[in-house]
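Hi everyone, thanks for coming. Please take a moment to look at the sequence and the model on the screen, and then I'll walk you through them.

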Amino acid sequence: MQVKDLEIIPHVDHSKNARDHGASAKYKGEDCKVVDYSGPLARRSNGFNLILQDLELCLQYADLPYDQPAVIQSAIHRALVITYGKCFAKADGRGTKLEAKHVFKDTDPALVSYHQLLIKTRNDFVAHSGSDDFEDSHVKVVLPPESEPGLQPCMLHAARSLRNFSPQNMRFVVQTIEHVKNYTEERLKQCGELIKKQVLSELE
C-alpha cells in the first residue's frame with residue numbers, strides 16, 4: 001500500500017493532552033485492520049520518529065527571515081540549538097538518541113565541524129555557561145574629569161552575547177541538519193521494514 005492512499009482517523013481524547021487512543025484506517029475507502037505494535041523495536045522506531053520531528057523543526061527555525069528584532073533572533077537561535085542538541089542527548093524518555101560517530105562516519109569534515117559547533121553552542125552557551133567564545137562581559141569604570149573632582153566615578157559593563165549564526169554559517173548549519181535528517185530517515189525506514197516483517201510473520 002502507498003501511504004498517500006491511506007486515510008488515518010486518530011482516536012484522540014483532547015482532554016488528556018492528546019494521548020494516543022488508537023486509530024482507524026481506510027485504504028481507498030475500504031476499512032483496514034490496525035495493529036498496535038510494541039516492544040524494543042517499536043520503541044526505537046518511535047524514538048527515531050520523534051528525532052525526525054525535531055530535525056524538521058530545526059530546519060523551519062533556520063528558514064525564518066533574519067530581519068527580526070534582536071530578541072526574536074536570539075529566541076530562534078536558542079530554540080534551534082537546543083532542539084538539535086536534544087537529538088544527540090541522553091534519551092531516557094525516547095530510549096533512542098543519535099551517535100555522532102555513526103551519523104558523520106565517512107562524511108564531509110565540514111559537516112562534522114558544524115555539528116560540533118552546534119553542540120558546543122548548546123553546552124557552553126545556551127544550556128550552560130562555560131565558554132567566552134559566545135558571551136563575555138567587561139567592567140568599565142569611568143572617572144570624572146579633573147575639573148570635576150567632586151563627582152563619583154561611573155561603572156558600566158561592556159557585554160557581548162551571540163545572537164544568531166551569520167547567514168554564511170547558517171547555510172552550513174542547514175546542510176548539517178539535512179545530513180542528520182537523511183541519516184535518521186534511513187534508520188526509521190530500516191526499523192519500519194523490520195516491524196512490518198515481524199507483524200506479518202505473527203499474523204501467519
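First, some ground rules. This is a predicted model, where local features need pLDDT of at least 70, side-chain atom pairs count only at pLDDT 80 or more, and totals for chains, interfaces and linings use all residues. Residues are numbered from 1 along each chain as its sequence is written, and side-chain values use heavy atoms, with hydrogens and water left out.

So what do we have? The protein has five helices and five strands; these are DSSP runs numbered from the N terminus, with helices being H or I of at least four residues and strands being E of at least two. Along the sequence they follow the pattern β-β-β-α-α-α-α-β-β-α. Of the 204 residues, 28% are buried, where buried is under 20% relative accessible area, exposed is over 50% and partly exposed is in between, using a 1.4 Å probe and protein chains only. Take the contacts (heavy atoms within 4.5 Å) between residues at least 6 apart in sequence: 59% of them join residues at least 24 apart.

Now for the open spaces. On a 1 Å grid over the protein atoms alone, a pocket is an open set of points with protein on both sides within 12 Å along at least five of seven lines, a cavity is a set where a 1.4 Å probe fits but cannot get out, and lining residues have an atom within 4 Å of a point. Points are joined across faces, edges and corners, and volume is the space filled by probe spheres set on them.

The largest pocket holds about 1400 Å³. It is lined by 28 residues, and those closest to its centre are Leu6, Ile8, Val34, Val35 and Lys196. Which helix gives the most to this lining? That is H5, with nine residues. Strands S1 (6-13) and S2 (19-27) and helices H1 (40-62) and H5 (167-203) each supply at least two. By class, the lining has 16 nonpolar, six polar and six charged residues. Here Ala, Val, Leu, Ile, Met, Phe, Trp, Tyr, Cys and Pro count as nonpolar, Asp, Glu, Lys and Arg as charged, and the others, Gly among them, as polar.

How many cavities of 30 Å³ or more does the search find? There is one, and the largest cavity has a volume of about 50 Å³. Its lining includes Tyr61, Pro65, Asn164 and Met170, and divides into seven nonpolar, three polar and no charged residues.

Asp54 sits in helix H1 and counts as buried because its relative accessible area is 8%. Leaving out residues up to four places away in sequence, Asp54 touches Thr83, Lys86, Cys87 and Arg94. Asp54 and Lys86 are 32 residues apart in sequence, yet 8.2 Å apart in space, C-alpha to C-alpha. Glu7, in strand S1, is partly exposed at 44%. With the sequence neighbours up to four places away set aside, Glu7 touches Ser24, Ala25 and Lys26.

Finally, the cysteines. With a disulfide taken as a pair of cysteine sulfur atoms within 2.5 Å, the count is zero. For Cys58, the nearest cysteine sulfur is that of Cys87, 5.9 Å away. Cys58 is buried, at 0% relative accessibility, whereas Cys154 is partly exposed at 43%.
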